[in-house]
Amino acid sequence: MRAIMLQGTSSDVGKSVLCTALCRIFYEDGWKVAPFKSQNMALNSYITRDGKEIGRAQGVQAEACRIDATADMNPILLKPKKDMIAEVIVRGEHYADMGAGAYREDYVPKALPVLQESLDRLAEEYEVLVMEGAGSPAEINLKDRDIANMKAAELADAPVILVADIDRGGVFASLVGTLALLDESERARVKGFIINKFRGKFSLLKSGLDWLEEHTGLPVLGVIPYADTGVEAEDSLALSKLRLKKQDETGDALKVAVIRLPRISNFTDIDPLYDEPGVTVRLLASVAEWNNPDIIIIPGTKNTTDDFLWLTETGLAAKIQEAAQAGAHVVGICGGYQMLGTTLLDPDGVESVHAEVEGLSLLPLVTTFQAGKRTVRTMGHVNGAAFAVGQEVQGYEIHLGRTDRGAGGVPLFTLEDGHTDGTLNEAGTVWGTYLHGVFHNRSFTRAWLNDIRHKRGLEQVEVDVKTEAEMREASYTELAALVRHHLDMDKVYEIVGLTQPTRI
């Protein structure tokens with residue numbers, strides 16, 4: 001098996017998206033290709049077909065390869081829970097909640113065999129591995145225990161391409177500085193650079209590229225233009241950029257407010273709403289940002305109780321209750337669904353130190369936290385909800401706790417195993433579900449929004465929409481075409497040690 005690894009000069013330089021592009025390019029060129037990231041810290045996760053939890057980026061990259069994702073593609077996932085504490089997930093399953101110091105001292109030395117075993121299994125099945133680093137390989141205070149960058153490249157004997165984000169400035173200093181802080185053996189692995197998120201005139205950049213190549217002796221393999229690729233984001237750094245999208249609230253647009261919880265997770269759940277015509281989406285984290293939304297969404301969280309207490313302390317809980325009483329539509333997903341209920345119970349301290357907390361009381365639900373996380377893909381159909389009766393939905397569950405529905409709540413979905421999920425209030429204005437990805441059921445989402453438009457006396461939007469699978473496929477293909485055009489793939493193939501197929 002051959003491998004190539006993209007490492008960044010910092011977080012959020014676009015490594016995940018570029019790896020996705022390479023995965024699709026190698027697939028289009030006829031290779032059996034798979035993604036790999038040894039250690040991922042992210043709150044956006046992905047559930048494999050066999051119920052394992054990995055970083056969402058590797059799930060997306062596997063889709064670009066047109067293969068099923070496996071836990072070997074991201075053998076270690078860290079999910080922050082509170083300050084300096086993270087859930088450690090090994091090969092898709094909960095291992096422990098650990099502090100940063102304990103993880104570095106106690107677990108990291110045990111991790112290398114785990115990574116090697118995953119690499120060996122992938123090598124048996126695939127011809128090319130597209131590897132992704134994490135953060136920067138040149139964090140000198142962390143390098144001795146860094147298993148996400150050069151150590152992973154060494155295990156796979158992978159050449160490395162350094163990626164830098166020119167949009168944030170200082171691109172030449174970041175590339176040269178990163179090289180300078182690497183050990184000699186690590187520098188020898190670096191075979192070239194990719195400059196990402198370029199917005200300007202190439203002619204103004206050319207002299208800098210020439211200097212960089214002369215100064216380092218390494219080629220610039222490509223300058224990739226800034227583009228909204230439609231490929232899902234990986235981490236909370238990308239979340240901040242969602243504030244830049246669709247802020248126009250004029251006309252008859254439905255105003256959606258997404259509560260930016262401190263421990264928000266799987267925020268890709270809201271991505272489809274940015275694609276909806278006649279909808280504006282705002283993230284808000286304070287009462288001062290409130291703007292009388294038509295729809296309020298409480299997303300998933302890594303700590304339901306602590307984030308609900310934050311919601312109360314900020315005054316947002318009271319604003320949500322007032323808005324619901326005035327007829328606003330309120331939706332909760334996973335942890336947000338739990339918050340919509342009357343009570344959060346944690347008698348064994350599974351999630352927090354609070355044994356009992358009163359919820360928003362917008363739905364007749366009681367949630368009891370218990371050990372053991374439910375991670376599963378699932379599908380089903382809509383029950384008696386007026387906006388989408390009988391429509392098929394699919395998604396995935398990642399949650400602690402059992403939620404019991406009381407009188408006055410209508411089951412929202414019937415799942416393929418016969419169980420119900422979600423709850424709708426009798427007025428049809430408040431609902432919640434454990435189903436992550438619920439809005440990615442595009443026909444369901446359009447029907448729900450049209451139902452709200454009908455109640456508001458607004459014009460309906462055409463119901464016929466592309467499926468999520470069709471939209472994702474188009475995104476991967478367009479991304480691959482963009483990167484192929486701006487990247488020296490002949491040189492990339494040479495670096496990997498493969499012969500590039502002849503393209504007609």
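Trainee: In which loop does H436 lie?

Mentor: Please keep in mind that this is a predicted model. H436 is found in the loop that runs between β27 (430-433) and α13 (442-456).

Trainee: Is H436 buried or exposed?

Mentor: H436 has a relative accessible area of 1%. Buried means under 20%, so H436 is buried.

Trainee: What is H436 in contact with, leaving aside its neighbours within four places in sequence?

Mentor: H436 is in contact with N266, D269, G300, I333, C334, G395, Y396 and I398.

Trainee: Let me turn to another loop residue. Where does L363 lie?

Mentor: L363 is in the loop between β20 (356-358) and β21 (365-368). L363 counts as buried, because its relative accessibility is 1%.

Trainee: And which residues does L363 touch, not counting those up to four places away in sequence?

Mentor: L363 touches Y337, L340, G341, T342, T423, L424, N425, V430, W431 and G432.

Trainee: How far is the C-alpha atom of L363 from that of T414?

Mentor: These C-alpha atoms are separated by 18 Å, and the two residues are 51 residues apart along the chain.

Trainee: What about a residue in a strand? Where is the place of I297?

Mentor: I297 belongs to strand β16 (residues 295-298). I297 counts as buried, since its relative accessibility is 0%.

Trainee: What separates the C-alpha atoms of I297 and V331?

Mentor: They are separated by 4.8 Å, although I297 and V331 are 34 residues apart along the chain. V331 is also one of the residues that I297 touches, when residues up to four places away in sequence are not counted; the others are V256, A257, V258, I259, L273 and F439.

Trainee: F439 has a ring, which brings me to aromatic pairs. How many does the structure hold?

Mentor: There are 11 aromatic pairs in the structure. One of them joins W431 and F439: the centres are 6.1 Å apart and the planes are at 70°, and this pair is edge-to-face.

Trainee: Why is the pair of F439 and W448 stacked?

Mentor: The planes of F439 and W448 are at 20°, with the ring centres 5.3 Å apart, so the pair is stacked. The cut-off behind this is that planes under 30 degrees apart count as stacked.

Trainee: Are W431 and F439 buried or exposed?

Mentor: Both W431 and F439 are buried. W448 is buried as well, together with F439.

Trainee: Which residues form one aromatic cluster with these?

Mentor: The cluster consists of F387, F413, W431, F439, F444 and W448.

Trainee: Which residue lies over the face of Y226?

Mentor: R199 does, at 3.7 Å from the ring centre of Y226.

Trainee: Now to helices. At what angle do α10 and α11 pack?

Mentor: Helix α10 (residues 304-313) and helix α11 (residues 316-325) pack at an angle of about 80°, and their axes are 4 Å apart. The two helices are therefore roughly perpendicular to each other.

Trainee: Which residues make the contact?

Mentor: W310, L311 and T312 of α10 meet L316, A317 and I320 of α11. By class, this contact of α10 with α11 has 5 nonpolar residues, 1 polar residue and no charged residues.

Trainee: How do the axes of α1 and α15 cross?

Mentor: The axes of helix α1 (residues 15-28) and helix α15 (residues 489-496) cross at roughly 85° and come within 13 Å. Thus α1 and α15 are also described as roughly perpendicular to each other.

Trainee: Which residues meet there?

Mentor: From α1 there are L22, I25 and F26, and from α15 there are M489, V492, Y493 and V496. The contact of α1 with α15 holds 7 nonpolar residues, with no polar and no charged ones.

Trainee: One last topic: backbone angles. What is the phi of D12?

Mentor: D12 has a positive phi of about 60°, although it is not a glycine. D12 is placed in the loop between β1 (2-8) and α1, and D12 counts as buried at 17% relative accessibility.

Trainee: And where does D157 lie?

Mentor: D157 lies in the loop between α4 (150-156) and β10 (160-165). D157 has a positive phi of about 50° and is not a glycine. With a relative accessible area of 57%, D157 is exposed.

Notes
Residues are numbered from 1 along each chain as its sequence is written. This is a predicted model: local features need pLDDT of at least 70, side-chain atom pairs count only at pLDDT 80 or more; totals for chains, interfaces and linings use all residues. Side-chain values use heavy atoms; hydrogens and water are left out. Rings of Phe, Tyr and Trp (its six-membered ring) pair if their centres lie within 6.5 Å; planes under 30 degrees apart count as stacked, over 60 as edge-to-face and the rest as tilted. Buried means under 20% relative accessible area, exposed over 50%, partly exposed in between (1.4 Å probe, protein chains only). A charge sits over a ring if NZ of Lys or CZ of Arg is within 6 Å of the ring centre and within 35 degrees of the ring normal. Axes are lines fitted to C-alpha atoms, for helices over the stretch in contact, and angles run from 0 to 180 degrees between N-to-C directions. Angles under 35 degrees count as roughly parallel, over 145 as roughly antiparallel, 65 to 115 as roughly perpendicular and the rest as oblique. Contact means heavy atoms within 4.5 Å. Ala, Val, Leu, Ile, Met, Phe, Trp, Tyr, Cys and Pro count as nonpolar, Asp, Glu, Lys and Arg as charged, and the others, Gly among them, as polar.
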